[in-house]
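Please consult the sequence and the structure shown below alongside the text.

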Amino acid sequence: MKIGVMLPLGAGDGADGGMPGWKDIRAVAEAAERSGLDSVWLADHFLYRDPAGQTYGMHDSWTLLSALAAVTSRVELGNMVLCASFRDPGLTAKMAATLDEVSGGRLTLGVGAGWHDPEYETFGLPTDHRVGRFAEWLEIVARLVRGETVTYEGTYYTVRDANLDPAPPHRIPILVAGKRPRMMQLTAEWADSWNTAWYGAPTVTVEERLETLRQAVETAGKPAGSVAATVGIIVRDPDQPVHDPSGQSIPVQELPAAVAGYQNLGVEHLIISPEPMTPRTVELIAKAKR
């Protein structure tokens, strides 16, 4: 089973609880590469506004992912997950093809329909029919990155004789995050992998989510296991202050047992959100998984 880590992106993710800079993000990614982990991931948001109204700023994830592709050489790279509403499907496919070239084939294109209304409203994006918009967007993106010339006339997106030139040098895997029935249907139709998050040790809820994936793949007439299961969990350094409001996190000492449990469930890639997001926590995670 592959093990990856989320990287700091916005306010609250920095080592001091503030906004991480490029050097901080790079340091965590380099710690993952140096310590033998398999992948690094970035969330994708303009901002986050909590229920009390406090707003947390974010860096642009795709710019950072491109920079990370140039300063790493081994770890896989991905978004957890890219919000379809933020970028036109043709632009997204073009960016993915170019980043795949820069990274030497290490990109997983993680995508989702989006969910956080405040960032939509702040930047003037429509919040209606998010899954309907995503369905059109995903088909266009998937067909483009898989080498098709695409003509598509939808309710929300239109392309005519669109293709990627230059074509991506590798087959770019697509990961979809979602849990509702229509999202699971789209996952089974277009994705190479699927993600559910955020958890600690394996639970009945995780097993139920994995069963929804199995059923969606079966309903789509695809072979069992044709869409790989990935799971996001939160792992904390017990010697540092805890900032996990979900209460789902596990101490790093419990990671080996959790890894074994997820392997038994057929999970192929575990994506860990380290708490805190520092090179030290990443190194502890890498040591614990060996």
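The points that follow are grouped by topic.

The model is predicted. It holds one cavity of 30 Å³ or more, and its second largest pocket has a volume of about 250 Å³. Helices α5 and α6 pack at an angle of about 5 degrees, and S226 is placed in the loop between α7 and β12.

**Cavity**

- One cavity reaches the threshold of 30 Å³ or more, and the volume of the largest cavity is about 50 Å³.
- The lining of the largest cavity is formed by A84, S85, A113, R130, R133, F134, W137 and Y157.
- By class, this lining comprises five nonpolar residues, one polar residue and two charged residues.

**Packing of α5 and α6**

- Helix α5 spans residues 130–145 and helix α6 spans residues 181–190; their axes lie 11 Å apart, at an angle of about 5 degrees.
- Because angles under 35 degrees count as roughly parallel, α5 is roughly parallel to α6.
- On the α5 side, the contact involves V131, G132, F134, A135, L138, E139, A142 and R143. On the α6 side, R182, M183, L186 and W190 take part.
- The residues of this contact divide into eight nonpolar, one polar and three charged.
- F134 is among the α5 residues that meet α6, and F134 is also one of the residues lining the largest cavity.

**Second largest pocket**

- The second largest pocket, of about 250 Å³, is lined by 20 residues, of which K2, E76, T108, S193 and H269 are the closest to its centre.
- Strands β7 (107–112) and β12 (228–236) each supply at least two residues of the lining of this pocket.
- The greatest contribution to that lining comes from β12, with three residues.
- The lining of the second largest pocket has seven nonpolar, six polar and seven charged residues.

- The relative accessible area of S226 is 32%. This value falls between the limits of 20% for buried and 50% for exposed, and S226 is therefore partly exposed.
- When neighbours within four places in sequence are left aside, S226 is in contact with D192 and V217.
- S226 and D192 are 34 residues apart along the chain, and their C-alpha atoms are separated by 7.0 Å.

Note on methods:
Residues are numbered from 1 along each chain as its sequence is written. This is a predicted model: local features need pLDDT of at least 70, side-chain atom pairs count only at pLDDT 80 or more; totals for chains, interfaces and linings use all residues. Side-chain values use heavy atoms; hydrogens and water are left out. On a 1 Å grid over the protein atoms alone, a cavity is a set of points where a 1.4 Å probe fits but cannot get out, and a pocket is an open set with protein on both sides within 12 Å along at least five of seven lines; lining residues have an atom within 4 Å of a point. Grid points are joined across faces, edges and corners, and a volume is the space filled by probe spheres set on the points. Ala, Val, Leu, Ile, Met, Phe, Trp, Tyr, Cys and Pro count as nonpolar, Asp, Glu, Lys and Arg as charged, and the others, Gly among them, as polar. Axes are lines fitted to C-alpha atoms, for helices over the stretch in contact, and angles run from 0 to 180 degrees between N-to-C directions. Helices (H or I, at least four residues) and strands (E, at least two) are DSSP runs, numbered from the N terminus. Angles under 35 degrees count as roughly parallel, over 145 as roughly antiparallel, 65 to 115 as roughly perpendicular and the rest as oblique. Contact means heavy atoms within 4.5 Å. Buried means under 20% relative accessible area, exposed over 50%, partly exposed in between (1.4 Å probe, protein chains only).
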